[in-house]
Amino acid sequence: MFPFALEGDPMSVISTAVSNGLQTVQSNAMSMIGQVLPYGLGIMGAILAVGIAIKAFKKVTGK
């Protein structure tokens, strides 16, 4: 039926392959989030600080 030899139940082999693939995707995604998160937090912090500074300046100058 299949041109290649499968060890065990074909559905078990497919299930294992999908499971391994999803575990790899999860590992890679978590690694990428860990690398990007510090930059994202820094950028969002800077945007927040600028927004607060603009509001404070407008409040002090009365505009």
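This is a predicted model: local features need pLDDT of at least 70, side-chain atom pairs count only at pLDDT 80 or more; totals for chains, interfaces and linings use all residues.
View 1. The chain has one helix and zero strands (DSSP runs: helices are H or I, at least four residues; strands are E, at least two; numbered from the N terminus).

**View 2. H1 from end to end.** H1 has 52 residues. The helix reaches 74 Å from its first C-alpha to its last, close to the 76 Å expected (1.5 Å times one less than its number of residues).

**View 3. A kink in H1.** H1 kinks by about 35 degrees at Val-36, shortly before the proline Pro-38. This bend is the angle between axes fitted to the seven residues ending there and the seven starting there.

**View 4. Leu-22 on the helix.** Leu-22 belongs to H1, residues 10-61. Leu-22 counts as exposed because its relative accessibility is 56% (exposed is over 50%, buried under 20%, partly exposed in between; 1.4 Å probe, protein chains only). Of the chain's 63 residues, 0% count as buried.

**Notes.** Residues are numbered from 1 along each chain as its sequence is written. Local features need pLDDT of at least 70, side-chain atom pairs need 80 or more, totals for chains, interfaces and linings use all residues, and side-chain values use heavy atoms, without hydrogens or water.
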